[in-house]
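Let's take a walk through this model together, starting with the fold as a whole and ending with some local details. Keep the viewer open as you read.

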Amino acid sequence: MEQRERAWTIYNRLIERFGRPEFDGCGEPVDELIATILSANTNDANSGRAFDQLKARFGDDWDAVRLAPLEAIKEAIRPAGMYNQKAPAIVNTLERIKADRGNYDLSHLATMDAAAALAYLTRLPGVGHKTASIVILFCFNGATFPVDTHIQRISQRLGISSRKASPAAVKADWESLLPPETFYALHINLIRHGRRICQALNPRCDSCPLQSECDFFRGAGAWRQNERPGDTTPARI
Ligand code: SF4
């Protein structure tokens, strides 16, 4: 099956299994940005707790966060881990936005195309490509496809991307195969699929709707049968 057709099949099967997530926007884009910075290298529960504590301590006053002693921010965001790096990243990002805009309103990004919005956000200190993509997709339904570890792993197993593909390569693969209006639902459903079925160590292939499209399941492409996760048999070279 041609790769584009395969991508559509995957998209549609995930909709059948998990439903069609409808884009409903975010609250304040700057909130989404800070929450996403906090989410690096931790789970949603921990980053959510850190964000809630930051809000409980400083309210909606991002000036107060920007001007607060770093130790107070670290204390508030401690549940997110890496607070020694994340606290200065947040402050530096807020400083840059304030200097650029005079406030913390990022709604101007809605009027930019995705490439320009990505370029603006990734110039902010502490904001990488994944964080910027998440803000653009979740706040503006922009034409960018963020790739997390679930999406990277699943895309490699399916054969949509090469076995060693970087997140940037996986992003480029999906963006070349499907139109932007699919990105929001696809992103959410691939993460659901990764959490519930195509798990890192023991994928539940028996109940997977993507079997027929999966190189890993069929032992095709770059995947050999004896290299499935959970299979301890050493690979034959
Ligand atoms: S068949 Fe298995 S490895 Fe392939 S996508 Fe489904 S759960 Fe993942």
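Which pattern does the protein chain follow when read along the sequence? The pattern is α-α-α-α-α-α-α-α-α-α-α-α. The radius of gyration, taken over C-alpha atoms, is 20 Å, close to the 18 Å from the globule rule for 237 residues, so the protein chain is as compact as a globular protein of that length. That rule is 2.2 Å times the number of residues to the power 0.38. In counts, the protein chain has 12 helices and 0 strands, where helices (H or I, at least four residues) and strands (E, at least two) are DSSP runs, numbered from the N terminus.

Residues are numbered from 1 along each chain as its sequence is written. The model is predicted, so to speak of local features a pLDDT of at least 70 is needed, side-chain atom pairs count only at pLDDT 80 or more, and totals for chains, interfaces and linings use all residues.

Now for the overall layout. The C-alpha atoms of the protein chain fill a box of roughly 55 × 40 × 30 Å along the principal axes. An automatic or database domain assignment gives domain 1 (3-20 + 147-227) and domain 2 (29-140). Their centres, taken over C-alpha atoms, are separated by 29 Å. Of the contacts in the protein chain with a separation of 6 or more, 63% join residues 24 or more positions apart; a contact means that two C-beta atoms, placed from the backbone, lie within 7 Å. Buried residues, those with 20 or more other C-beta atoms within 10 Å of their own, make up 33% of the 237 residues.

Next, look at the ligand. It is surrounded by 14 residues, of which the closest are Cys 198, Cys 205, Cys 208, Cys 214 and Phe 217; a residue counts as near if its C-beta atom, placed from the backbone, lies within 6 Å. Helix H9 (149-158) and helix H12 (215-218) each supply at least two residues of this shell, and the largest share, 3 residues, comes from H9.

Finally, visit two loops. Asn 41, between helix H2 (29-38) and helix H3 (44-58), has a positive phi of about 55° although it is not a glycine. With 13 other C-beta atoms within 10 Å, Met 82 is partly exposed, the class between exposed and buried.

Definitions and conventions
A residue is buried if 20 or more other C-beta atoms lie within 10 Å of its own, exposed if 12 or fewer, and partly exposed in between; C-beta atoms are placed from the backbone.
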